[in-house]
Amino acid sequence: MEAPKTLQQAVTYFTSYENCKAYMVALRWPDGKVKCPQCGSDHVTYLEKARLWKCYSKHSRPKFSLKTGTIFEDSPLGLDKWLPVMWMLANCKNGVSSWEIHRAIGVTQKTAWFMLQRARLAMQGEAGGKLSGEVEVDETFIGGKARNMHVGERSKKITGRGPEGKAIVAAVLERHGEIRAQVVETRRKKPLQAMVREHVETGSSVYTDALLSYDGLSEDFEHQVIDHAVAYVDGQVHTNGCENFWSLLKRALKGTYVSVEPFHLFRYVDEQAFRYNNRQEMNDAQRFDAVMAQIVGRRLTYKELTGKLDDPTQAETN
Ligand SMILES: [Zn+2]
């Protein structure tokens with residue numbers, strides 16, 4: 001069977017464990033030699049029945065699976081469920097809700113939510129090089145309500161406060177290039193300018209709105225300001241690229257995710273930035289490969305995510 005090109009093909013294709021195995025081995029060990037994720041040794045044997053490899057080096061937990069050492073580690077759910085979820089999240093422009101996953105693959109909504117949060121971890125950007133050329137910088141408010149949280153917890157977790165307790169997201173965008181977006185605590189000068197300096201090559205053209213926090217960027221950049229009280233575009237000087245990203249992010253947050261706790265917001269920002277950065281000249285299969293390329297060496301446990309021990313996926317039968 002050929003490699004899948006559509007979601008439907010992916011669902012069918014990954015129903016077969018042998019196909020999952022072929023895909024994962026090629027992804028993790030491109031030379032075809034399966035290596036122990038713990039010690040790197042290729043002196044391993046495959047235990048066909050258990051679908052595990054056994055490492056011959058002397059260390060604890062010598063057995064490992066295709067999922068060991070990836071965001072899927074310790075999940076009782078099979079790759080036949082995981083891989084279609086990765087496909088959907090990589091390719092659905094407005095995101096995928098846990099309810100959709102619940103219906104599509106037959107796990108509980110809670111499990112689906114945890115799966116999606118793990119998938120978002122794979123979408124977190126790797127620290128790439130600096131942006132350059134023409135760069136837009138902008139920030140926006142996200143109106144998430146702090147639901148299901150204790151008052152004490154709320155005041156502890158939501159420190160980034162805009163008007164009416166809204167969260168703030170800031171972005172740096174290279175025109176015709178990548179976006180880097182992150183949740184920031186305040187719109188003050190220090191964090192915003194630190195972000196610009198972290199992500200943008202000195203000497204680049206930087207376009208911002210008239211927010212005073214951007215004052216002083218001209219020391220290191222060709223800084224030009226568009227005052228939105230006067231106009232939104234003045235030749236090259238505008239932040240329309242960022243505006244476009246905000247509208248995509250807000251559409252996903254409002255339409256698909258409805259209510260996101262502020263302390264999880266950065267994961268949704270990572271997800272949207274991933275799709276934005278992989279939008280051009282890529283088909284669905286390539287976007288899937290791009291997210292899968294980042295599953296290794298990352299892990300998110302239910303406890304890290306929620307502070308609770310009772311991982312709902314452990315009760316799933318596969
Ligand atoms: Zn080993």
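Guide: What follows is a close look at the zinc site and a neighbouring serine. This is a predicted model, in which local features need pLDDT of at least 70 and side-chain atom pairs count only at pLDDT 80 or more, while totals for chains, interfaces and linings use all residues. Residues are numbered from 1 along each chain as its sequence is written, and side-chain values use heavy atoms, with hydrogens and water left out.

The zinc ion has as its protein donors Cys36 (SG), Cys39 (SG), Cys55 (SG) and His59 (NE2), at 2.1 to 2.3 Å; donors are N, O and S atoms within 2.8 Å of the metal (3.2 Å for Na, K and Ca), and the site may look incomplete because water is not among the atoms. Along the chain, these donors follow the spacing C-x2-C-x15-C-x3-H. Cysteine 39 belongs to the loop between α2 (17-28) and β1 (44-47), and histidine 59 to the loop between β2 (52-55) and β3 (63-64), so the pair ties together parts that lie 20 residues apart in sequence. Here helices (H or I, at least four residues) and strands (E, at least two) are DSSP runs, numbered from the N terminus.

With relative accessibilities of 38% for cysteine 39 and 22% for histidine 59, both residues count as partly exposed, a class between buried (under 20% relative accessible area) and exposed (over 50%), using a 1.4 Å probe and protein chains only. Serine 41, also placed in the loop between α2 and β1, is buried at 18%. Beyond its neighbours within four places in sequence, serine 41 is in contact (heavy atoms within 4.5 Å) with Val34, Lys35, Cys36, Cys55 and Ser57.
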